[in-house]
Amino acid sequence: MMKKTRFVCLLLACALLFTGCMAAPPDSLIRGGTDGQSLISASTAELAPAEKSVALYFRYGNSAYLAPEERQIQVQRNESLEKALVQALIDGPSAAAPALTPLFPAGTEVLAVTTQDDTLFITFSDAFLGRYADEPGDTAIGEWRTEGPMRRQLCLDSLAASLTEAGLCVQVQVLVYQGAGKSTSMRLQKGFLNRTGDDTLLPPLTRREDCLLTPYRTASLLLSAWMAQDWASLYDLTAQEGAVPRPSEQTAADVFAASQALTGFSLSPGTVSYNGQTAVFSADLTLRGAGRDDTVSGYPLLLIREGSLWKMDYEKLLGMMQSH
């Protein structure tokens, strides 16, 4: 019996010696958290994934705002909702949300999602630091001086907005694993935003409401598009279905161009209906037509929900553009 005990102890000592020689993974990849470190039985792993309803925030077109896509995502039995949600953000919006655009660089992988107190730690692969597919090599000239930093900031904001709206954390700390040979901090640096060498560490992300496309901001975008005669953007903000279905984009643009010009506006804070399907604002409009300016006060600008986005009925928009 004594010999058998000594033999078992010798095997354990050898096992400990062997594992001690292996390279240790970064702390962010082993910290106990939401991914669950307990063993999962084969029968559990084979169970059908659960479905969860979440709001995933993506960029609205080429604007400086994020808009939600309300979607059912699948959560495998051996993963966390947090990780599944982040993966869905990386995958991008569905075909049912053509107005929304993805924000993560190609090849980005989520390596780990862990939690500590009220902070969610997300570890991405180094592809997260890469260029976008349409990003030029020289970002110091042209629109990319602002487009790059804005797109990367919106990418970070999409994480905070989606995860906090799901009630999964208070703040988010982004980490990037660049390989065992890197001695720099895994925390995201300020240079990430503008592709400079600024190694100032960014603080944890919190929810930033001023980048979210609320009903008020949608109404402001609609009136701004009218004032700028940006008919493509104005058309995108009209509902596909209504009392009268909207016509083709070219037909609508011709009608818009023949209407009065908007030279100024102001909006009330507005009210969202009790069922969350409509929102109404009091708009003061300065209109120019037939060589003179007219003021329309207190015009009721009504928005409706179309999926996860706010739109204006095409016929009601024409009524506003042709009002006196």
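Leaving aside its neighbours within four places in sequence, which residues is Leu 103 in contact with? They are Phe 58, Arg 59, Leu 66, Tyr 132, Arg 151, Leu 154, Cys 155 and Ser 158, where contact means heavy atoms within 4.5 Å.

Bear in mind that this is a predicted model, where local features need pLDDT of at least 70, side-chain atom pairs count only at pLDDT 80 or more, and totals for chains, interfaces and linings use all residues. Residues are numbered from 1 along each chain as its sequence is written, and side-chain values use heavy atoms, with hydrogens and water left out.

**The chain overall**

- The chain's secondary structure comes to 10 helices and 11 strands; these are DSSP runs numbered from the N terminus, with helices (H or I) of at least four residues and strands (E) of at least two.
- Of its 324 residues, 39% count as buried, and here buried means under 20% relative accessible area, exposed over 50%, and partly exposed in between (1.4 Å probe, protein chains only).
- Take the contacts between residues at least 6 apart in sequence: 61% of them join residues at least 24 apart.

- Leu 103 sits in the loop between strand E3 (100-101) and strand E4 (110-116), and it is buried, with a relative accessible area of 2%.
- Between Leu 103 and Leu 154 there are 7.3 Å in space, C-alpha to C-alpha, though the two are 51 residues apart in sequence.
- Helix H5 covers residues 144-165, and its 22 residues should span 32 Å at 1.5 Å a residue; the end C-alpha atoms are 30 Å apart, which agrees. The expected span is 1.5 Å times one less than the number of residues.
- In H5, 16 of the 22 residues are buried, so the helix is largely enclosed by the rest of the structure.
- After H5 comes Gly 167, with a positive phi near 70°.

- Strand E7 (residues 261-267) runs antiparallel to strand E9 (residues 278-289), with 6 bridges joining them; two strands pair if DSSP finds at least two bridges between them. Phe 265 stands opposite Leu 285 in E9.
- E9 also pairs with strand E8 (residues 271-272) in the antiparallel sense, over 2 bridges, and Val 272 stands opposite Ala 279.
- The hairpin of E8 and E9 has 5 residues between the strands, and Gly 276 takes a positive phi near 75° there.
- E9 and strand E10 (residues 292-306) are antiparallel too, joined by 11 bridges, with Thr 286 opposite Thr 295.
- In the hairpin of E9 and E10, with 2 residues between the strands, Ala 290 has a positive phi near 55°.

**Pocket and cavity**

- The largest pocket has a volume of about 540 Å³. Of its 28 lining residues, the closest to the centre are Tyr 60, Ala 99, Asp 236, Leu 309 and Lys 311.
- On a 1 Å grid over the protein atoms alone, a pocket is an open set of points with protein on both sides within 12 Å along at least five of seven lines, a cavity is a set where a 1.4 Å probe fits but cannot get out, and lining residues have an atom within 4 Å of a point.
- The pocket lining has 12 nonpolar, 9 polar and 7 charged residues; Ala, Val, Leu, Ile, Met, Phe, Trp, Tyr, Cys and Pro count as nonpolar, Asp, Glu, Lys and Arg as charged, and the others, Gly among them, as polar.
- The largest cavity is lined by Leu 156, Gln 173, Val 174, Leu 188, Leu 202, Pro 203 and Leu 205.

Technical notes. Grid points are joined across faces, edges and corners, and a volume is the space filled by probe spheres set on the points.
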